[in-house]
Number of protein chains: 2
Amino acid sequence: MPQPIRRILFIMFDQLRWDYLSCAGHPHLQTPHIDALAARGVRFTRAYCQSPVCGASRMSTYTGRYVHSHGAAYNGYPLKVGELTLGDHLRRIGMDSWLVGKTHMRADAEGMARLGLAPDSVIGARVAECGFDIFTRDDGLWAEGPDGFYDSRRSPYNEYLKAQGYDGENPWASHANAGVDEDGQIASGWFMRHADRPANIREEDSETPWLTARAMDFIEQAQAPWLCHLSYIKPHWPYIVPAPYHAMYGPEHVPPAVRDARERQNPHPIFGAFQANAIGRAFSRDEVREKVIPAYMGLIKQCDDQMGRLIGRLEETGRMGDTMIVLTSDHGDYLGDHWLGEKDLFHEPSVKVPLIVYDPRPEADATRGGTCDALVEQIDLAASFIDAAGGAVPDHIVEGRSLLPFLHGEVPEDWRDFAVSEYDYATSPMAAKLGVAPRDARLFMVADKRWKFIHAEGGFRPMLFDMESDPQELHDLGDSAEHGEVIAMMQERLARWGRRMSQRTTRSDAEILAGRGGSDRRGILLGVYDEGECDPEVTAKYRGTAGQRFDL
Amino acid sequence: MPQPIRRILFIMFDQLRWDYLSCAGHPHLQTPHIDALAARGVRFTRAYCQSPVCGASRMSTYTGRYVHSHGAAYNGYPLKVGELTLGDHLRRIGMDSWLVGKTHMRADAEGMARLGLAPDSVIGARVAECGFDIFTRDDGLWAEGPDGFYDSRRSPYNEYLKAQGYDGENPWASHANAGVDEDGQIASGWFMRHADRPANIREEDSETPWLTARAMDFIEQAQAPWLCHLSYIKPHWPYIVPAPYHAMYGPEHVPPAVRDARERQNPHPIFGAFQANAIGRAFSRDEVREKVIPAYMGLIKQCDDQMGRLIGRLEETGRMGDTMIVLTSDHGDYLGDHWLGEKDLFHEPSVKVPLIVYDPRPEADATRGGTCDALVEQIDLAASFIDAAGGAVPDHIVEGRSLLPFLHGEVPEDWRDFAVSEYDYATSPMAAKLGVAPRDARLFMVADKRWKFIHAEGGFRPMLFDMESDPQELHDLGDSAEHGEVIAMMQERLARWGRRMSQRTTRSDAEILAGRGGSDRRGILLGVYDEGECDPEVTAKYRGTAGQRFDL
């Protein structure tokens, strides 16, 4: 048994595409610091998020459970009181679980009130923060419109910026995520034509370096054992980055869009609706891609530099030898591929995530620098962290499985043969446009190494891609008669998954096995006609003189 | 809109077979008081429990959710903290929810401790009692063996018996559920050969009259609006009943067993394992049936007489005019049919339940005395109670549907076309014998008005019955090649059910519809290239002079 890990640095970027790293083959973007981490760990090449949208993906990551199990299916849908989180599992085995950055958690205020949980109590605060203790909480979307802020909480980042002398009430919007136009006016990053301008902020004050500094502060003072979830908002939109990153890449570095005119001809209705929305239309324009993607690359380059800074600090302080580091993202970004922008659907640019796991222990030496192409899901991280910390994974609650065997050269024989991801678009205008009821606006992806199948509730046909003959996923076979058997196989897998045991969380398999058939020793005697059929020990309580007679 | 109901008397018997009532056609057993209630209400002839075992069935009834949704899949499996109950839903609309009798609830002590819920606080007590406030809690199984009591709590019924002068520490066992043999020794009801003896207790002190008196006490002092769950342990085993009920029925009143020699020839392995257990073997013996069934009938007869007493009191006090009464059971009893005893599997004697709903309001006048053959599930009761009390059913949480339209002559057009029941036998010796892992020891029934399909996890073939040509369910068609299409249809239904939205409980459909597409008004601007593409109102926060320049 390896020695338990006592420090876990769990780094999540937001909307970082799996293939926008040089270690994953990007043709122009160099990410040497992330690559160096991959060279010391294992890079998983088939890691899928549980839902290609921030909130749902993260709630799965933090609970180790599918969206269909925890129900927080979209941004802003509260994670119900009662769902156990990584923090709950780790605290049981003595490890604290701290947050530096974003979770996209919405507290179940109604459930907390019902159970009398005060948000300012220790327990209430953890429930409200999906199990983390808070070092710095900043969800990073301080958007503001006529109906107020998107996020009504206080922004530590905005407070930091104000303390540094940035003007106004929302320097996140007016400086960190905006440039300046020719007339000295705010050129907001929300408007993509400004994406090539430098953000009007000192680079060291922008969000990624600021959060990195907070993580270094955390690490400096933290008492092990700890897990620190360092969770960046970037390279998530608004697509704008400070100098010098704004000028590092240009249209010549933008890979061609992975898309085909056939995708627009009679597409699956849901795919068609997403193509037709404002985002899809915008990202289908070359000028948008040519503005946005260089900024996105610059944001990633800055992230990589901050990884260099952070890992450098760990090196200097001797922490690289006893800290596990996991680096991932919550989902990808279409960036115009498949005539789409953002995430939402299940093409690889959206649903696949980068995932690097560095385990400092000698047991992982043999796999350093390797890749693993097993079907991995983001729910596996919770299980991996519990395993790393020396705990037994409570597999009646956590649906993911530990990835550490892959690092330790013990590939599990019964590893999953398909991965599942989900998307709930009930709240989107596409559901309204398609006339889909809220409970039918749900998609399920089932993917193995060859086939990717997408089931849509609401009476739509499925989608299907052959990733072997069509790795770019340009040809939807969902209505192909000759693929009937493949579709049936994928439907059977989805059916099996749908029936999975996901809620029997109050009784472990071990407890069940231990409890089998013990009720007779507590006096429950079934199918017994005559005392002589039983061990006298179990019938002893039911013998003796009858005492006073009342039956007359 | 009917006036809201302010008093709901929700009566549950335990293990009362649907067809052991004269209104349901029993050839020998007369139940005039229950029949009279049916004559004033509607009797549902196709009501299924959600699981043919006490605990799981009840947790579904009290939450309005499938077992697969709440996870308390077997007796003694705690209902997890966070699951909403009938009590939670009714209290929201101002109705209290009181318990008189049994629930089979096991509190989620670990979950409560995690959330800091003290069992003796008001909230903690409700969470621990699946949402009820307690008037009298008595689960009615005070069995005792070498490892102690089956139920470690205090028994109010035992305390009552002791106060009445019954001897010993556990008069439930030694008097209420035991007779006296020829030598003056305890003849325990656990040993079925004693089933024809009178229990050694005054009839008025036996469990059913005792609990009826507690219900009358409750009603006398209760302030409306209230729901009172009057939940009897009987006619559940031990099969023994006080005089004169012990002598009312004899072997001549025992209906022939519904069973066929073919059922023992190469049965489905799980069916075979249940046939082969001690219970199945015992109930396959005629002497067992001839001892037990007359006692079971006597217990029911006593229950019926107590219904006469209770309803008589409601009549006298004028409460019949403003009290809704629902009468049901948590599951049935095989009683030797199909070579089985007890419940567990899905033949009609086990999975079907009696269900009578009496609505005192004039809107229900037209249907009084009628029957309804719609496919009804026990989760429909929670929805019905919320509806009766004037609430809107929160259908993102409660999976059942209100039955009141059937009483009010408004048959819903989109009523379900199949019913589902489940059984988790992980804890049973049959799982060990069959070599089934705890998470695979699960069965799912899908039934429509013609077909009953049973899916077994763990690699077994399905079971199938044609209820039209084989209403006694003697011929399992699960391996019939010519029924492949029916099996595929049922599998598709089960798959659809498995994917149902059961956990998105923190956001209602109405909230989702109201929230569609509002994020731009909180400043999230997606797919926007140029300010001119947006309403100036939503871009207003992102305009203005840039102030100090930091981007240089």
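Modeller: The names of helices and strands come first: a helix is a DSSP run of H or I with at least four residues, a strand is a run of E with at least two, and both are numbered from the N terminus. The model is predicted.

Now to the interface. The contact takes 123 residues from chain A and 123 residues from chain B. About 10,900 Å² is buried between chain A and chain B, and 54% of that area is on carbon and sulfur atoms. Three residues, Arg499(A), Tyr529(A) and Phe550(A), supply 9% of the area that chain A buries against chain B, which is more than any other three residues do.

Chain A is divided into domain 1, residues 7-498, and domain 2, residues 521-552. The C-alpha centres of domain 1 of chain A and domain 2 of chain A lie 62 Å apart.

Polar and charged pairs also cross the interface. The rule finds 20 salt bridges between chain A and chain B. One of them joins the side chains of Arg92(A) and Glu110(B), at 2.5 Å from N to O. There are also 74 residue pairs in polar contact across the interface of chain A and chain B, with both residues at pLDDT 80 or more. On the side of chain A that touches chain B, the largest share, four residues, comes from helix α18 (residues 509-515) of chain A. By class, that side of chain A has 53 nonpolar, 33 polar and 37 charged residues.

The next point is how the two copies are arranged. Two copies of a chain are related by a rotation about an axis and a shift along it. Here, a rotation of 180° with 0.0 Å of shift along its axis superposes chain A on chain B, with an RMSD of 0.0 Å. The two copies are thus related as by a two-fold rotation axis. Of the interface residues of chain A, 100% are also interface residues in chain B, so the copies meet through the same surface.

Over all chains the rule counts 116. One pair is within chain A: the side chains of Arg197(A) and Glu182(A) meet at 3.0 Å, N to O. Arg197(A) lies in the loop between β9 (186-188) and α9 (207-221) of chain A, and Glu182(A) in the loop between β8 (178-180) and β9, so the pair ties together parts that are 15 residues apart in sequence.

A few backbone details complete the account. Most residues other than glycine have a negative phi, and most peptide bonds are trans. The peptide bond that joins Ala243(A) and Pro244(A) is cis, with omega about 5°, and Pro244(A) is in the loop between β10 (226-231) and α10 (269-276) of chain A. In chain B, the peptide bond from Ala224(B) to Pro225(B) is cis, with omega near 0°. Pro225(B) is in the loop between α9 (207-221) and β10 (226-231) of chain B.

Technical notes
Residues are numbered from 1 along each chain as its sequence is written. Chains are lettered from A and ligands numbered from 1 in the order in which they are written. This is a predicted model: local features need pLDDT of at least 70, side-chain atom pairs count only at pLDDT 80 or more; totals for chains, interfaces and linings use all residues. Side-chain values use heavy atoms; hydrogens and water are left out. Domain bounds come from an automatic or database domain assignment. Contact means heavy atoms within 4.5 Å. Buried area is the accessible area (1.4 Å probe) that two parts lose on being put together, summed over both. A salt bridge is a side-chain nitrogen of Lys or Arg within 4 Å of a carboxyl oxygen of Asp or Glu. A polar contact is a pair of N or O atoms within 3.5 Å; within protein, one must be able to donate a hydrogen and the other to accept it, and residues adjacent in sequence count only if both atoms are side-chain atoms. Ala, Val, Leu, Ile, Met, Phe, Trp, Tyr, Cys and Pro count as nonpolar, Asp, Glu, Lys and Arg as charged, and the others, Gly among them, as polar. Copies are superposed by least squares on the C-alpha atoms of residues with pLDDT of at least 70 in both.
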